[in-house]
Amino acid sequence: MSAARWPIVLAVVLTAILEVMDMTIVNVALPHIKAAFGLTSDQTVWIVTSYIVASVAVMPLTGFFVRRVGRRRLITSAILGFAGFSMLCGLSWSVGTLVLFRIGQGLCGAFLIPLSQSILFDAFPREKRGQAMAFFGLGVVVAPVFGPTLGALLTEYFSWRAVFYVNLPLAAFALMLIAGELEAEETRSLPVDWAGLALMLTAIGCLQMTLDLGETHDWFGSKLIQVTALSSAVAGVFFVARGWRKRDNIVDFSLLRDRSFAAANVAILGFGVSMFGAIAILPLFVQGLLDYPVLDAGYLFIPRGLAAGVSMVVTGAVLLKRIDARLLVVAGLGLTGLGNVLLSGLNLDAGFWDLGLPGVVTGFGMGLFFVPMSTLAFQNISSARQDEASGIYGVTRSIGSSIGVAILGWQVSERSQVHWALLGEELTATRQAVSQYLAPLGLTPTSPEGAAWLAQTLRAQSAMLAYQDAFLLAGLAAFAMIPAALVLQKPRPGAPAETAAA
């Protein structure tokens, strides 16, 4: 790649950072937003949900919009729109306006990841795609890891509004770099498959709402969740059945006939469950249970992010040239799973590095997985269909992330109650042991102070065991994706696109 193309590389990495970091940086500010507007927990959830639902619902349409308006117009419009709505989010005067502007952020941000990926593929020759994905991974994987750290610093020293304003300089710099570098493309007027579009938006949007709102609405005990889940399932079945062989479908399902691309979508789905699910519950664990200050909780992600960054650079520049990419994917899944399993072995006395070292293991796994998986996924995809394929791949990753957040959050809540009941039974059965435990504190099981102390201890231990179960589940999700990685085709360096070009 010529030196003249490096501005594009930096620009698209910055645009990727804009989109994915916004998913995690805002989470840290939610308690401050809740206090500022006097929100309930249900209202607070919509601040996150509105962004994700809008983004995931529109992302598969990337290829369609590229054909209609061109890649240059689409990415510049998306960056401008994302920056504009970010500024409006920071200026929000009510929860209603904040949710509305978050929807705008999601609609514009949806195109940034797929377009960044496809632009990088064009900037690098096929034999150097590993390097391209190393740069791209710095934005897609490392940015959300550092998101909680940056969010903690901004909310602590400035305001919750700063987590939105920080997008503005990044967007401005990306636009300056990309201006004049991307060539205008031929566009064409395409008929809109309105029925397919409606089915897709219903299926994906309702699925995302089910995942995001399930925990706060008692899952299928809520009529809202029953309706959204059923609507998603029915719309999804009709969308796939109707569009599988339909040439002008709003999403090109023929891409999934390529074995590597299909297997990669399965693997990235499970990887999203493991990675983003664990990232979502870790701050809750260290702040809510271990009483870490918000800044210390943010700093905890730095070792993980640094390890992931180093791993991606080394994998893209060195390892992909010497080792079968499929073996690197398997190793990455193994390390990602191992890091989460190590977290499942912690207790209430865990220190910073007890939590940080498993993060380092997971970070190295993230780099080993993401770079070769992206190159393997698109090895048979022609340049003309990269935008479409990137949109599908991106939405699969996002859905996997949402599934991980929903399942692990539910696991913590559900398993806390289970362990509370089990430990409570054990306390009554071992009365003498309880008395011996309280004696050094000058308390007895029958005194109000003793009973309160036991209840507090029981609550903490139940929550600890629940988090252990959740981290273990995150680890198993990564291990479960190893068979999908083995289905991938053997990489063929420099080979021309075949399967997906047909």
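This is a predicted model: local features need pLDDT of at least 70, side-chain atom pairs count only at pLDDT 80 or more; totals for chains, interfaces and linings use all residues.
Visitor: Where is Leu338 found?
Guide: Look in helix H15.

Visitor: And which residues make the nonpolar surface patch?
Guide: Leu338 does, together with Leu342, Leu472, Leu476 and Phe479, and the patch covers about 400 Å². Both H15 and helix H19 (448-480) give two or more residues to the patch.

Visitor: Which element gives the most to that patch?
Guide: That would be H19, with three residues.

Visitor: New topic! Where is the place of Ser344?
Guide: Ser344 sits in the loop between helix H15 (325-343) and helix H16 (352-377).

Visitor: Buried or exposed, that Ser344?
Guide: Ser344 is buried, because its relative accessible area is 14%, under the 20% cut-off.

Visitor: What does the side chain of Ser344 reach?
Guide: The backbone oxygen of Val341, at 2.4 Å. Setting aside neighbours within four places in sequence, Ser344 is also in contact with Gln468, Phe471 and Leu472.

Visitor: Now the largest nonpolar core: which residues touch the most other members?
Guide: Phe285, Val286, Leu355 and Phe369 do, out of 127 residues in that core. Helix H1 (residues 6-37) gives the most to this core, with 17 residues.

Visitor: What is Val286 in contact with?
Guide: Leaving out neighbours within four places in sequence, Val286 is in contact with Asp291, Tyr292, Ala297, Leu300 and Leu355.

Technical notes. Residues are numbered from 1 along each chain as its sequence is written. Side-chain values use heavy atoms; hydrogens and water are left out. Helices (H or I, at least four residues) and strands (E, at least two) are DSSP runs, numbered from the N terminus. Buried means under 20% relative accessible area, exposed over 50%, partly exposed in between (1.4 Å probe, protein chains only). A polar contact is a pair of N or O atoms within 3.5 Å; within protein, one must be able to donate a hydrogen and the other to accept it, and residues adjacent in sequence count only if both atoms are side-chain atoms. Contact means heavy atoms within 4.5 Å. Patches are made of residues with over 30% relative accessible area and no salt bridge: like charges are joined within 9 Å, nonpolar side chains (Val, Leu, Ile, Met, Phe, Trp, Tyr) within 5 Å. Accessible areas come from the Shrake-Rupley method with a 1.4 Å probe; for residues, only the protein chains shown count as cover. A salt bridge is a side-chain nitrogen of Lys or Arg within 4 Å of a carboxyl oxygen of Asp or Glu. A nonpolar core is a set of buried Ala, Val, Leu, Ile, Met, Phe, Trp, Tyr and Cys residues joined through side-chain atoms within 4.5 Å.
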